[in-house]
Amino acid sequence: MIAAINGKLGEGMSSVRYRCLCQNCLRVAGYPTYDQANEAKCFGCGGEMCACGSCEETINALGRGLRDAQALGLKCDVDTWNPRDGGAFA
Ligand SMILES: [Zn+2]
Ligand SMILES: [Zn+2]
């Protein structure tokens with residue numbers, strides 16, 4: 001019974017405490033624990049996800065509308081981006 005209750009609590013946005021960034025396509029996913037976030041595979045391209053502080057900053061910067069490669073710490077400027085579809089590079 002307790003497991004079932006925990007299972008229910010484990011779903012939904014309230015359980016997302018750690019965000020991770022796909023190193024390939026810049027999609028963002030969220031997980032309840034840092035380890036899950038850091039070891040996840042991208043749901044879009046299957047690439048490696050990273051949940052480190054620098055990727056968290058990149059997610060925040062993308063969210064603020066920054067698209068400049070240097071400001072984001074990326075190799076290429078980002079053309080368009082959203083967390084679900086990732087980035088398209090200029
Ligand atoms: Zn990806
Ligand atoms: Zn990282």
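**Close-up views of a predicted model**

Phe 89 is partly exposed, as 15 other C-beta atoms lie within 10 Å. The model shown in these views is predicted.

View 1. Phe 89 belongs to strand β5, which covers residues 86-89. Leaving aside residues up to four places away in sequence, Phe 89 touches Cys 76, Asp 77, Val 78 and Asp 79. Lys 75 lies 14 residues from Phe 89 along the chain, and the C-alpha atoms of the two are separated by 9.7 Å. Phe 89 counts as partly exposed because the 15 other C-beta atoms within 10 Å fall between the limit for an exposed residue, 12 or fewer, and that for a buried residue, 20 or more.

**View 2. The whole chain, for orientation.** The protein chain contains four helices and five strands. Read from the N terminus, these elements follow the order α-β-β-α-β-α-α-β-β. Of the 90 residues in the protein chain, 21% are buried. The average pLDDT of the protein chain is 88, and 84% of the residues score at least 70. Over residues 1-11, pLDDT stays under 50, and the model has three contacts beyond four places in sequence for this stretch.

**View 3. The hairpin of strands β1 and β2.** Strand β1 spans residues 18-22 and strand β2 residues 28-31; the two pair in the antiparallel sense over four bridges. Within this pairing, Arg 19 has Gly 30 of β2 as its bridge partner. The two strands form a hairpin with five residues between them, and in the turn Leu 26 has a positive phi of about 70°.

**View 4. Strand β3 alongside β1.** Strand β3, residues 49-50, runs antiparallel to β1, and two bridges join them. Leu 21 has Cys 50 of β3 as its bridge partner.

**View 5. Gln 23 in the loop between β1 and β2.** Gln 23 is found in the loop that links β1 and β2. Not counting residues up to four places away in sequence, Gln 23 touches Gly 47, Glu 48 and Cys 50. Although Gln 23 and Cys 50 are 27 residues apart along the chain, their C-alpha atoms are separated by 6.9 Å. Gln 23 is partly exposed, with 13 other C-beta atoms within 10 Å.

**View 6. The largest nonpolar core.** The largest nonpolar core has 15 residues, of which Cys 20, Leu 21, Cys 22, Leu 26, Met 49 and Ala 51 touch the most other members. Two or more residues each come from β1, β2, α3 (53-63) and β4 (78-82). The most is given by β1, with three residues. In soluble globular proteins, nonpolar side chains tend to be buried together.

**View 7. Leu 26 and its contacts.** Leu 26, in the turn of the hairpin formed by β1 and β2, is also among the core residues that touch the most other members. When residues up to four places away in sequence are left out, Leu 26 touches Leu 21, Leu 62, Trp 81, Gly 86 and Gly 87.

How values were computed. Residues are numbered from 1 along each chain as its sequence is written. Chains are lettered from A and ligands numbered from 1 in the order in which they are written. This is a predicted model: local features need pLDDT of at least 70, side-chain atom pairs count only at pLDDT 80 or more; totals for chains, interfaces and linings use all residues. Two strands pair if DSSP finds at least two bridges between them. A nonpolar core is a set of buried Ala, Val, Leu, Ile, Met, Phe, Trp, Tyr and Cys residues joined through C-beta atoms within 7 Å. Two residues are in contact if their C-beta atoms, placed from the backbone, lie within 7 Å. pLDDT is the predictor's confidence in each residue, from 0 to 100.
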